[in-house]
Amino acid sequence: MTDTATGRRGQKHAFSLPRRWLVGGLAAFAALAFIGLPIEPARAQAGVAQKIADHFASVKTMSGEFVQFGPRGEQTGGKFYISRPGKIRFNYEAPSPMRVIADGKSVVIGNQKMKTWDIYPLSKTPLKLLLSDNIDLTGKMVRDVKEEADLITIVLGDRSVFGDATITLMFDPKTYDLRQWTITDAQKKDTSVMIFNVKNGVPMDDKVFQIPYDDVRNKSK
């Protein structure tokens, strides 16, 4: 099935993207030379970041389409669903065999062609932060906030959450809606996801986020 997700800049391929987007870099989200050197944004900037985070967290369900750009210029697209807390699904269009599903407890990255699955605890991935009912950006996680006429950019980085990666989130300055994100891994390579045709507050069936645990246990590597 296909999901509606919109994502602009994501990671490397839906999660080698796998591992980079999820474990170390959706994870979404800016290659920063100062990674590991906490930068405190001005209080006003921190306030803007938290206001946007509160708005983003208030959207309990979301669906849309996305286009993902990898570090070598590769491009893939598809659809996504989000349901708070902790649920997300990315369906990549053919010929990509990838599926990414989080059911509130675990996150799996599946390759339908190879019949393989990678599974991670949701609590150990950046998705836990982004899919929570409450998103706290008041600490040192916020590396930078830039306000422009057509875009507000928030850079997040915290080794305990994102490993050696950073996540750059881009929001509409008027509506605070998420437009895209970029994940920069430890090698300073970017994966970006743009989202569009986004719909908020749409009904969601829990089956959308159902992980085929029997297949994961039997065929994961």
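The following questions and answers explain how several descriptions of this predicted model are reached.

Q: What makes up the protein in terms of helices and strands, and how many of its residues are buried as a percentage?
A: The protein has 6 helices and 12 strands. Of its 221 residues, 53% are buried. Its accessible surface comes to about 10,500 Å², and carbon and sulfur atoms account for 50% of that surface.

Q: Why is Phe-56 called buried?
A: The relative accessibility of Phe-56 is 11%. Buried means under 20%, so Phe-56 counts as buried.

Q: Why is Phe-171 called buried?
A: Phe-171 has a relative accessible area of 3%. The limit for buried is under 20%, and therefore Phe-171 is described as buried.

Q: Why are Phe-56 and Phe-171 called an aromatic pair, and what makes the pair edge-to-face?
A: A pair of aromatic rings is described by the distance of the centres and the angle of the planes. For Phe-56 and Phe-171 the centres are 6.2 Å apart and the planes stand at 75 degrees. Rings pair if their centres lie within 6.5 Å, and planes over 60 degrees apart count as edge-to-face. Phe-56 and Phe-171 therefore form an edge-to-face aromatic pair. A search of the whole structure finds 6 aromatic pairs.

Q: Why is the pair of Phe-56 and Phe-171 said to tie together parts that are apart in sequence?
A: Phe-56 belongs to helix 3 and Phe-171 to strand 10, so the pair links parts that are 115 residues apart in sequence.

Q: How do you know that the charged end of Arg-84 sits over the ring of Phe-56?
A: The charged end of Arg-84 is 4.6 Å from the centre of the ring of Phe-56. The distance limit is within 6 Å of the ring centre, and the charge must also be within 35 degrees of the ring normal. The charged end of Arg-84 is listed as sitting over this ring.

Q: What lines the second largest cavity, and what makes its lining nonpolar, polar or charged?
A: The second largest cavity has a volume of about 70 Å³. Its lining consists of Ala-53, Phe-56, Leu-130, Ile-135, Leu-137, Ile-154, Leu-156, Leu-169 and Phe-171. Two or more of the lining residues come from each of helix 3 (43-58), strand 9 (152-156) and strand 10 (166-171). Ala, Leu, Ile and Phe count as nonpolar, so the lining divides into 9 nonpolar, no polar and no charged residues.

Q: Which residues lie closest to the centre of the largest pocket, and how does its lining divide?
A: The largest pocket holds about 200 Å³ of space. It is lined by 13 residues, and Gln-112, Lys-115, Trp-117, Pro-212 and Asp-215 are the closest to its centre. Strand 5 (98-103), strand 6 (106-111) and helix 6 (213-219) each supply at least two residues of the lining. The lining residues divide into 4 nonpolar, 4 polar and 5 charged.

Q: Why is Ile-183 called buried?
A: Ile-183, in strand 11 (residues 178-184), has a relative accessible area of 1%. Buried means under 20%, so Ile-183 is buried.

How values were computed. Residues are numbered from 1 along each chain as its sequence is written. This is a predicted model: local features need pLDDT of at least 70, side-chain atom pairs count only at pLDDT 80 or more; totals for chains, interfaces and linings use all residues. Side-chain values use heavy atoms; hydrogens and water are left out. On a 1 Å grid over the protein atoms alone, a cavity is a set of points where a 1.4 Å probe fits but cannot get out, and a pocket is an open set with protein on both sides within 12 Å along at least five of seven lines; lining residues have an atom within 4 Å of a point. Grid points are joined across faces, edges and corners, and a volume is the space filled by probe spheres set on the points. Helices (H or I, at least four residues) and strands (E, at least two) are DSSP runs, numbered from the N terminus. Rings of Phe, Tyr and Trp (its six-membered ring) pair if their centres lie within 6.5 Å; planes under 30 degrees apart count as stacked, over 60 as edge-to-face and the rest as tilted. Buried means under 20% relative accessible area, exposed over 50%, partly exposed in between (1.4 Å probe, protein chains only). Accessible areas come from the Shrake-Rupley method with a 1.4 Å probe; for residues, only the protein chains shown count as cover.
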